[in-house]
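I opened the model to look up a few strands and a loop. My notes follow the order in which I checked things.

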Amino acid sequence: MANYYSDHPEIGFYLNHPLMARIVELKEKGFADAKEYDYAPVDLGDAIENYKQILDITGDIAANIIAPNSESVDLEGPHLENGRMIYASKTFENIDATRKAGLWGVSMPRRYGGLNLPNAVFSMLSELIAAADAGFQNIWSLQSCIDTLYEFGSEEQRQKYIPRVCAGEGMSMDLTEPDAGSDLQRVMLKATYDEKEQCWRLNGVKRFITNGDSDIHLVLARSEEGTKDGRGLSMFIYDKRQGGVDVRHIEHKLGIHGSPTCELTYKNAKAELCGSTRMGLIKYVMALMNGARLGIAAQSVGLSQEAYNEGLAYAKERQQFGQKIIEFPAVYDMLSRMKAKLDAGRSLLYQTACYVDIYKCLEDIERDRKLTPEEKQEMKKYQRLADAFTPLAKGMNSEYANQNAYDAISIHGGSGFIMEYKSQRLYRDARIFSIYEGTTQLQVVAAIRYISNGTMLQNIKDMAASIVPSDSVAGLKARVEKLIPIYEDALNYAKSLDHQDAFDFLARRLYDMTCELVMSLLIIRDAAKAPELFTKSAQVYVRMAEEDVIGKAAYIKAFTPDDLCSFRAAEPEAE
């Protein structure tokens, strides 16, 4: 029987990540829960075995329930009835299966009904579910909104809402409005305090809300009358049981059909303030979005894996000119690049997730006791790394998912364009990944300060110095080390132009080069430890990085601010 976890040992490899022992030590807080919960681990080995069991259960459900349901869900999609969203029939089966398996609220502490899983393991679960159906992964993974409520809500709110999510209730984050997409400072949904009822009331419209008719909503709204920027926004909790919110429209989308994207009308809806006023966008939504972006990175890796699987299986079966098409250089070149992008992107995903885990665990510990100076330094270090790496993981993996889905169709040829083949659905589903939760262009904006100030250059040098390669990949490390001064020279040249528009124009190329060097070093590190899994991908990915980094460096070094005139779209002069 198929299992999306055990069938792909590359995923389980990251349970042995160099940072995993520290993550478990922090997450389990001395394994104190073992005294109270018989399912809590007693040591590191026990924790890893628990993670493997949960991943195996999820892999089974993904392969044998969610994946077989995916075509039906894609064709049916959700629909609207009397202001309420109704999932596709098979989506209810997926929800029921994951609820019965205890796969909701899994990141939450056990005292609220959760499994206390680290973010890295949650990302693995997300990858497995996304490989089966990216649309359902959206519904399931939005449970991670509860992390923001746990982090910033009151203890009363935690006790009220977290057990509900652990029992299988869904969540949404209601941020976007018709006039506020990426520019969330323009959010105008109004929050007013009702003195008589001692509660907040929400009025307005939200648009493009994933899983918008969920049980529990985190809502960004304007609480400070007369303000027009982010300082007037606060975060609220809306409980569907209270009423006051209707679904006005369900979007008809290119892909991820099983994931309902709703337009909502708030009409005097009762809500609770989460945290403090004025901090909604500045602090809480930033935390929420960073978690969501890592979720999209995991979703992207899952779909990349499925696209590669589809392309590989078809290439092994399809014959042309008397031989299997996998024997054609053009085809196996395409497949090798797909696999290299998949493996390098996955390594970046779990590296980032581990950075997030360490600093989030230390933040959680700080709620109970004062951190030591060493712990505070450790928390700051990993928070900086998480902030720097998250836009890399989201941006590049979402782009790779699109590329792999595109190539899967190319391998299928004309059949890939036929709706009966899965590759067309993967292609349609993937397109949104580089758009929602911040476009790739916005990931560049988020990452560029860490690139321009030399932080990522130093990270790259530190990563290169820390790798002790095996004989099989020593030459690859040396080749990547030769690319680092080329990258540094291009970065310094772009900064020396002292022209903001020119630097912004070149930023995407600097971002791509940064990602390619980081992923080259990560996949070399992995190949040194598990050559049977990653050596081929390391060889291919380093060749790709050489091709791209050298080419992009040449482009940058030949660029001047005067060249901007050639790229600006201009109206023809009036005669």
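I began with the pairing of β7 and β9 (residues 261–274): the two strands run antiparallel and are joined by 3 bridges. Strands here are DSSP runs of E with at least two residues, helices are runs of H or I with at least four, and both are numbered from the N terminus. Two strands pair if DSSP finds at least two bridges between them. I looked up M235 and found that its bridge partner in β9 is C274.

This is a predicted model, in which local features need pLDDT of at least 70 and side-chain atom pairs count only at pLDDT 80 or more, while totals for chains, interfaces and linings use all residues. Residues are numbered from 1 along each chain as its sequence is written, and side-chain values use heavy atoms, with hydrogens and water left out.

Next I took β6 (residues 216–222), which is antiparallel to β7 and joined to it by 7 bridges. For L218 I noted I237 as the bridge partner in β7.

Then I checked how covered β7 (residues 233–239) is: 7 of its 7 residues are buried. Buried means under 20% relative accessible area, exposed over 50%, and partly exposed in between, with a 1.4 Å probe and protein chains only. On one side of β7 I listed L233, M235, I237 and D239, on the other S234, F236 and Y238, all buried.

Last I went to the loop between α2 (20–28) and α3 (44–76), where K29 is found. K29 is not a glycine, yet its phi is positive, near 50°. K29 counts as partly exposed because its relative accessibility is 34%. F31 lies in the loop between α2 and α3, and has a positive phi of about 60° without being a glycine.
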